[in-house]
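Please walk through the structure shown here, beginning with the surroundings of the ligand and moving on to helices, surface and aromatic rings.

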Amino acid sequence: MPAMSTFKKSPWVVHFNCNSCNGCDIEFLACLTPVYDLERFGILHVGNPKHADVLLVTGSVNHRNARVLRNVYDQMPAPKVVVACGVCAATGGIFADGYNVLGGIDKVVPVDVFVPGCPARPEAMIDGIIRAAEILESRNTAAITSVSCRKPLHRCTPVPDSPKPV
Amino acid sequence: MITPNPTFQIALLILLAPFFGALIAGLDRKITARMQGRIGPPVLQPFYDVMKLLRKEPIVVNRIQVVYAFLHLAFMALSLILLVLGQDSLMFLFVFAFSTLALVLGGMCVRSPYSRIGSQREIMLMVAYEPVLIVLMIGMYLVNGSFLLASPIAAARPMLFTLPLIFIAVLVVLAIKLQKSPFDLATSHHAHQEIIKGLTIEYAGPYLAILEIAHFYEIALLFYLIMLFWASSLLIGALLACAAFFLMIIADNVFARLTSIWTFRFMWTGALILSLTNILWLYL
Ligand code: SF4
């Protein structure tokens with residue numbers, strides 16, 4: 001395949017709410033409205049990790065959802081990038097001291113772009129997704145040749161399950 | 001006039017039809033966005049999407065699924081060829097139906113409940129629209145005296161005047177096949193989250209691209225099918241098809257979605273009665 005900048009032109013985003021307060025999610029949904037119109041960049045908001053290139057995560061990771069987040073990430077076909085939206089996804093934010101909170105999502109999946117803010121502004125999110133798409137373009141796709149047969153539900157990496165000492 | 005070599009024609013069709021379909025799909029997305037007050041993606045967006053999907057990692061749930069995706073594509077291309085080369089209309093219907101059936105089987109052969117629900121809805125839609133297509137072919141036979149799809153081109157009067165009610169029913173079939181509201185039950189172009197995109201859920205990367213390309217062939221096919229209603233002039237036929245597609249975009253933005261049972265009822269009462277009335281009218 002010739003190296004065309006098609007990844008940059010059509011990043012499909014799957015949005016995962018990982019213990020977020022919903023503030024960031026509402027701001028992300030605002031991106032889809034006519035005011036911000038994500039689709040003008042060719043960005044589609046898909047509901048299925050198997051169709052997605054960009055994983056957009058809001059909120060911090062806890063013992064319950066770490067496994068789910070990892071599973072969603074594992075189901076995405078390579079090349080893929082992760083955008084962490086809001087300070088919760090970056091460090092745990094105001095929930096960082098919660099007894100159940102593990103921290104930012106980089107504890108579970110490799111993050112490529114951090115979008116700051118509480119909540120992150122829609123402009124910043126769009127900017128973050130486009131940066132992520134540029135990173136996606138630079139990922140080496142030459143290595144992908146063989147067909148992989150995945151059983152996603154059994155492939156997720158176990159995350160330490162012991163609760164924090166209160 | 002030189003009769004074009006059929007081999008050459010087939011090669012040209014196979015190569016150009018997806019580009020044409022993708023262009024229509026791109027225009028569709030742009031116009032839809034403008035209707036909603038958005039700027040919308042570039043017109044070439046469907047090309048970028050397919051190119052990107054082809055470069056992604058191929059993931060399969062089971063290998064049969066891939067076979068069905070390819071069958072869907074192959075039979076869709078074949079039915080387009082049968083249609084444009086003016087072959088037997090009933091043969092065309094069977095091949096076209098099998099293409100959709102391959103899609104349904106592809107959705108059924110995985111364990112995902114979403115995919116199966118999507119497949120079941122697609123079956124419902126097929127049961128709903130197939131009778132109208134069959135009545136269309138019967139109407140064509142009554143008007144032109146031949147089951148050959150080439151016969152409307154030779155006819156003196158455009159079929160739009162002899163089969164006006166069937167034309168209306170075929171417009172509804174067009175809405176179903178283009179996955180437009182109120183009939184986008186099995187999979188939809190807009191609601192990517194609803195029922196998780198129906199029967200395409202378990203396809204990823206290049207295999208999703210195959211389904212997209214098959215859909216481009218399908219768009220070209222439907223465009224030609226509408227053109228047949230004014231087959232004597234290529235230009236007016238094309239304008240008619242453009243108008244029909246534009247109508248579909250408006251309907252898509254105006255209507256909410258019907259349930260599958262309502263779609264079924266609507267097709268077997270409204271659309272089917274319309275087309276049968278047209279057949280009766282031909283006898284009178
Ligand atoms: S960053 Fe702020 S708005 Fe976003 S999820 Fe965390 S607390 Fe809510």
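In this predicted model, the shell around the ligand divides by class into six nonpolar and four polar residues, with no charged residue among them. Its members are A:Ser20, A:Cys21, A:Gly23, A:Cys24, A:Gly86, A:Val87, A:Cys88, A:Gly117, A:Cys118 and A:Pro119. Two elements of chain A, helix 2 (23–31) and helix 4 (86–91), each give two or more residues to this shell, and helix 4 of chain A supplies the largest share, namely three residues.

Elsewhere in chain A, helix 3 (residues 65–75) is mostly covered, since nine of its eleven residues are buried; the buried positions include A:Leu69, A:Val72 and A:Tyr73, but also A:Arg70 and A:Asp74.

On chain B, a nonpolar patch lies on the surface, formed by B:Phe8, B:Leu12, B:Leu15, B:Leu16 and B:Phe19, which together have about 530 Å² of accessible area. Of these residues, B:Leu16 is placed in helix 1 (residues 6–35) of chain B.

The aromatic rings come next: over all chains, a search of the whole structure finds ten aromatic pairs. In one aromatic pair, B:Phe92 and B:Phe96 are stacked, at 5.7 Å centre to centre and with 5° between the planes. Both residues belong to helix 4 (residues 89–108) of chain B, where B:Phe92 and B:Phe96 are four residues apart, about one turn of the helix. B:Phe92 counts as buried because its relative accessibility is 1%, and B:Phe96 is likewise buried, with a relative accessible area of 2%. Ring pairs also link B:Phe20, B:Phe223 and B:Phe245 into a cluster.

Definitions and conventions:
Residues are numbered from 1 along each chain as its sequence is written. Chains are lettered from A and ligands numbered from 1 in the order in which they are written. This is a predicted model: local features need pLDDT of at least 70, side-chain atom pairs count only at pLDDT 80 or more; totals for chains, interfaces and linings use all residues. Side-chain values use heavy atoms; hydrogens and water are left out. A residue is near a molecule or strand if one of its heavy atoms lies within 4 Å of it. Ala, Val, Leu, Ile, Met, Phe, Trp, Tyr, Cys and Pro count as nonpolar, Asp, Glu, Lys and Arg as charged, and the others, Gly among them, as polar. Buried means under 20% relative accessible area, exposed over 50%, partly exposed in between (1.4 Å probe, protein chains only). Patches are made of residues with over 30% relative accessible area and no salt bridge: like charges are joined within 9 Å, nonpolar side chains (Val, Leu, Ile, Met, Phe, Trp, Tyr) within 5 Å. Accessible areas come from the Shrake-Rupley method with a 1.4 Å probe; for residues, only the protein chains shown count as cover. A salt bridge is a side-chain nitrogen of Lys or Arg within 4 Å of a carboxyl oxygen of Asp or Glu. Rings of Phe, Tyr and Trp (its six-membered ring) pair if their centres lie within 6.5 Å; planes under 30 degrees apart count as stacked, over 60 as edge-to-face and the rest as tilted.
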